[in-house]
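Please read the following note with the model open beside it, and take the numbered points one at a time.

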Amino acid sequence: MNMPKRFILQFFFQLLLVSSFIAVLIFIFWVFFGYTLTKLEVNSDLTKADVSSIEGSFSIDKGQITIESDIKKLAKKQDGWIAVLSKDGKLLKTYNTPADFEFTKTDYKLLLSENQSLQQYDYKIWTIREDTKKPLIILFGTENSSKGILETIKKEVNWKKSQLDLSEAVKKNIKNSQGWVQLINVDGSTQDGFMADNQKDHYSVYELLQLTKVENKDSSTYYYEQTGQVLLVGTEKVDYGQIETEMMKAFGSTAFIIFVVSLLLLLAVTIVFGYRFGAPLVTIMNWIGDLGKGVYEDGHYKHSVIMTKKGKLKKKYRIYKELITTLTQLTETLEQNKQARIKASKVRDEWISGLSHDLKTPLASIGGYAEMLQSDQYSWSESEVRTFSATIAEKAQYMKQLLEDLTLTYQLRSDAFPIAKENVEINEQIRRTVIHYVNGPAGQQYQFVFQPYEGSVIAAVDPKWFQRIMENLLENALKYNPPETTVTVSIRKLDQHLLMIMIEDDGVGMDNETLNRLFERYYRGTNTSSSNNGTGLGMAITKKLIELHGGSIKVKSELGKGTYIRILLPLAGE
């Protein structure tokens, strides 16, 4: 069985299992959803409870009425109270009623006839035990949020200044009630407000009257006769009943349609998915297999398999766009790494060959002079012996420097390389280095220009390795340029944080290949036949030392026009 067919069967059984599982979940969710939503509504608003759930919270034993703890907790949580009345309106039992609560038969009759709240309270009425001789009237009341807030804040309004001088406690109460307050002038314009950014700036008399009739808002007004101003208070309500109705209607009407359509599309989707996912995966797996074998050419897959003639992914491969992009990048990276390894190996072999030659030259000189001194066929004068000894010492020093550079190169590859920074006056440090070369034998043939910074310039550097940096750069300027070349060393502050050191010469310059490979460990841009050309490690060492000091180096050069080197280092304390 080939891969596409296996994918077809696999997706069919998987989708069948998932569809069955989803159907069961939908049924469970439907049942749980209704129960949870009802419970949520009751927990948020006790007035949403039906008679059957309320009746279980009240009991009568020997004429004593008991209110169960569950409904007490809900009433207290919603800042409400409960009153139990007889059929004729007599108050029998209360819970959590306000201290100033009073209730008369007249109030009860008014509630029944008009079905509206009295004063600052909203009521909900249930009749339980209707099948008995002594039915009970359950009354649940909550303070009308807007009216309660209105009663609190109307005493704090500065009517003359048209300002709401609300205390912090009142502001906190308004926020907790998700409320807002506006002070409105006689002409309907808003003079002041709190938490009322989403409200209107101007009201007509009709609009103020209509606010109290909006179902999802609780609004109250207070008219101040002396100034004709109106205090408008509102709080937001959530209509859970409407939410439940809409959700249940939408859920019930679409659930059956979704189930039927899912069954009809199951087979078609399975076949499409099998070929859609199977064929691209086979190609991708072959591609990955080639990468495992070391074949990093992705042109075959791009141009003949997965790409259109216009250079875009074919439709069935688009779902794997990210994976194909990653594979393309991986292929290119592996190919680049392969070429880099080949190049590095070649450069390393060239460098080892040159290094071997550089070691053979001084060794040959040392061996030759040693044999001459050892020979008993000649009698050497004292001056000749000194000359031979000087040559041997010079060649030995060169070999020592070569080995030290090689050791230092590999030490610098470790992050544990020791750098002991201290605050150093850079003008003086560089001046001493330049003078050393000016007074040296080689420096007599070159022109040196030193341009220090006007003033003190302090940088945190390791004096030993900073000296090595400057020596490497100045030695290169002398080594690779003819006599009479002018070497200029200047120091500047780039800003308050950076020190800039520039080394310029008007010598022979470098070609682009040498410039681009200047900091490679194994590259030397000149002929290695002469030991005076160095080890090919100096600039790589210099660059790494500068980076360990938190700086950077940049080199510009052109054949026949000289070389410009710029070093940036952080100043002390930065």
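1. Buried means under 20% relative accessible area, exposed means over 50%, and partly exposed is what lies in between. At 43% relative accessibility, glutamate 558 therefore counts as partly exposed, whereas its salt-bridge partner lysine 561, at 61%, counts as exposed. The closest N and O atoms of these two residues are 3.6 Å apart. Please keep in mind throughout that this is a predicted model.

2. How many salt bridges does a search of the whole structure find? The search finds six, and one of them joins the side chains of glutamate 428 and arginine 431, with 2.4 Å from N to O. Both of these residues lie in helix α12, which covers residues 426–439, and they are three residues apart, or about one turn of the helix. Glutamate 428 is partly exposed at 28% relative accessibility, and arginine 431 is likewise partly exposed, at 32%. Arg432 joins Glu428 and Arg431 in a network of salt bridges.

3. Another salt bridge is formed by glutamate 547 and lysine 543, whose closest N and O atoms are 2.5 Å apart. Both residues belong to helix α15, residues 538–548, where they are four residues apart, about one turn of the helix. Glutamate 547 is partly exposed, with a relative accessible area of 38%, and lysine 543 is partly exposed too, with 27%.

4. Turning to the aromatic rings, the structure holds three aromatic pairs. In one of them, the rings of tryptophan 159 and tyrosine 224 have their centres 4.2 Å apart and their planes at 5°, so the pair is stacked. This pair links distant parts of the chain, since tryptophan 159 is in the loop between β7 and β8 while tyrosine 224 is in strand β11 (residues 217–224), 65 residues apart. Both tryptophan 159 and tyrosine 224 are buried.

5. Tyrosine 369 and phenylalanine 388 form a tilted aromatic pair, with 5.0 Å from centre to centre and 40° between the planes. Tyrosine 369 lies in helix α10 and phenylalanine 388 in helix α11 (residues 382–411), so the pair ties together parts that are 19 residues apart in sequence. Ring pairs link Tyr369, Trp380 and Phe388 into a cluster.

6. A point about the backbone also deserves attention. Most residues other than glycine have a negative phi. Serine 162, although it is not a glycine, has a positive phi of about 55°, and methionine 195, also not a glycine, has a positive phi of about 60°. Serine 162 is found in the loop between β7 (157–158) and β8 (163–164), and methionine 195 lies in the loop between β10 (190–194) and α7 (205–211). Is each of them buried or exposed, or partly exposed? Serine 162 is buried, with a relative accessible area of 16%, while methionine 195 is partly exposed, with 45%.

Conventions. Residues are numbered from 1 along each chain as its sequence is written. This is a predicted model: local features need pLDDT of at least 70, side-chain atom pairs count only at pLDDT 80 or more; totals for chains, interfaces and linings use all residues. Side-chain values use heavy atoms; hydrogens and water are left out. Helices (H or I, at least four residues) and strands (E, at least two) are DSSP runs, numbered from the N terminus. Buried means under 20% relative accessible area, exposed over 50%, partly exposed in between (1.4 Å probe, protein chains only). Rings of Phe, Tyr and Trp (its six-membered ring) pair if their centres lie within 6.5 Å; planes under 30 degrees apart count as stacked, over 60 as edge-to-face and the rest as tilted. A salt bridge is a side-chain nitrogen of Lys or Arg within 4 Å of a carboxyl oxygen of Asp or Glu.
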